[in-house]
Amino acid sequence: MNRILGLIVIVGIFWSCKSGQNYQGAEVLTYETYRTADLDRNLDSILVNVDTLQIDSAVNVQWFDVFPDEVLQDLIQKALENNQDLEIAAENIQQAQASLIIQRSQMLPAIGYSGAAQRGNFAGFDLGTTTNIFSGFGSVNWEIDFWGKYRRLNEAAKANILASEEGYRAVKLSLINTVATTYFQLLEYKLRLEISEQTLTLRDSMLNIIEERFDKGIIAEIDLNQAQIQEAIAAGSIPIWERLIVSSENLLSRLVGELPDSKTIGIKLLDQPEDIPFPEILPGELLVRRPDILIAEQDLIASNALIGAAKASLLPNISLSGLLGVAGSQFSSLGSGGASWNMGASILGPLFNWGALQRQVDIEESRTRQAILNYERTVLSAYEEVENILYSIESLKKELIARQAHVDAAVKAQFLSQERYNQGVTSYLEYLESQRQAFDAQLNWAGTKQQLLTAYSNLYAALGGGW
């Protein structure tokens, strides 16, 4: 009894030891506030304290609370339910979980069985006669994880599961962002089409007037040519926007798992909000919110665990085995003579392998150093992305104000130029130039508004989403 207890204690001591070092975390650079907050920018209009949103915590803020367009909400919901990329990412989780089960099984005894039926002239029997031999055996083999090789491999498998789960969340965030940005582009293209059609209508009517004046000899042919050119420019822009609208609608259809079809819109680009508050997410919080950072850390954890597994391969493997079975010359008499059994232990270890096992340790250590560098790079890239988006939002809001002022002035100038031309005060070239500026100003405003909404969508993903 004492020997058994002593053996259990020894096994427990060995079991508590694992080759390699436990993961201690990675040190990365961080800071208290975003660089954008130090600039003369209205950052508080973007990242606001959670209390101002009248919610309990940032975790409760959903995507649908940020963007109120119900059509966009419906598209995102359909994409989350039907998108194939998201389902593929979900299957990666299932595979990682199955791999962990496989890995854990390596730590448990392997139990098997065998049976045989033979007939022949066997040594030990009368050589002139044939004999039947029937046998059945059960076997147990257990490689004791003294050095923690399999436990380290389990750590790596667990890290792979967590990485696959974060990968799923990354695909989900990317999907939401892609649906939103595509939808905002669709809104822009529809507005550009509307502007182009209105401009074409205006230029068509003006062309009719110019043609009548030319026929009466009031104006020169150059004025007629200029009017025809401007009318053709407006007409040529319409199929461009129609083509882009169709491609955007088809992309949205694929993202939501549907066949290509036209898509209705909810809130028009003109009426979409320009100020969208987000919960305050400090730079340090990105380390536990962004899936790409969490994936990089899980990769580091797995690499660190594989160092321990490689080091354990340098040490001998200790196995216990057992066999229990019966044999006989008649199937009906199996076990009548008693069962046969054996128990044993074995040790198998490397002696001289030309440094191959040590080089494997070196490889895993190098991969871990790469994982550390990748983690640091991912964190810095996350900071860079959020900083750029925050600054872009503030600058785009200011740019949008300037674009709106440009539109107002250009449209007013177009109207006044037309009046002056009709009264013979100014040349037709002046009117055409003011008309061109009004057309371009409206298109530029639409593009800036779309960029602002897209920046908000990118910020949702960059901050980790999922509130």
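Me: What volume does the largest cavity have?
Reply: Keeping in mind that this is a predicted model, the largest cavity has a volume of about 60 Å³, and the structure holds one cavity of 30 Å³ or more.

Me: And which residues line the largest cavity?
Reply: The lining includes Glu143, Ile144, Asp145, Phe146, Trp147, Gly148, Lys149 and Tyr150, and Ala312, Pro316, Asn317 and Ile318 also belong to it. The elements that give two or more residues to this lining are β3 (131-144), α6 and β5 (317-328).

Me: How do the residues of that lining divide into nonpolar, polar and charged?
Reply: Seven of the lining residues are nonpolar, two are polar and three are charged.

Me: OK, changing topic: which residues touch the most other members in the largest nonpolar core?
Reply: That core has 63 residues, and those touching the most other members are Leu72, Val179, Phe184, Phe278, Leu286 and Leu463. Among the elements that give two or more residues to this core are α4 (70-82), α6 (149-215) and α9 (356-422), and α6 gives the most, with 14 residues. There is also a second, separate core of ten residues, which includes Met206, Leu224, Tyr421 and Leu432.

Me: α6 again, then; how far apart are its end C-alpha atoms?
Reply: They are 95 Å apart, which agrees with the 99 Å that the 67 residues of α6 should span at 1.5 Å a residue.

How values were computed
Residues numbered from 1 in each chain as written. Predicted model: local features only at pLDDT ≥ 70, side-chain atom pairs only at ≥ 80, totals over all residues. Heavy atoms only, no water. Core = buried A, V, L, I, M, F, W, Y, C linked by side-chain atoms within 4.5 Å. Buried < 20%, exposed > 50% of the residue type's maximum accessible area, 1.4 Å probe, protein only. Helix = DSSP H or I, 4+ residues; strand = E, 2+ residues; numbered from the N terminus. 1 Å grid on protein atoms, 1.4 Å probe; cavity = no way out; pocket = protein on both sides within 12 Å on 5 of 7 lines; lining within 4 Å. Points joined across faces, edges and corners; volume = space filled by probe spheres on them. Nonpolar A, V, L, I, M, F, W, Y, C, P; charged D, E, K, R; others polar. Expected span 1.5 Å × (residues − 1).
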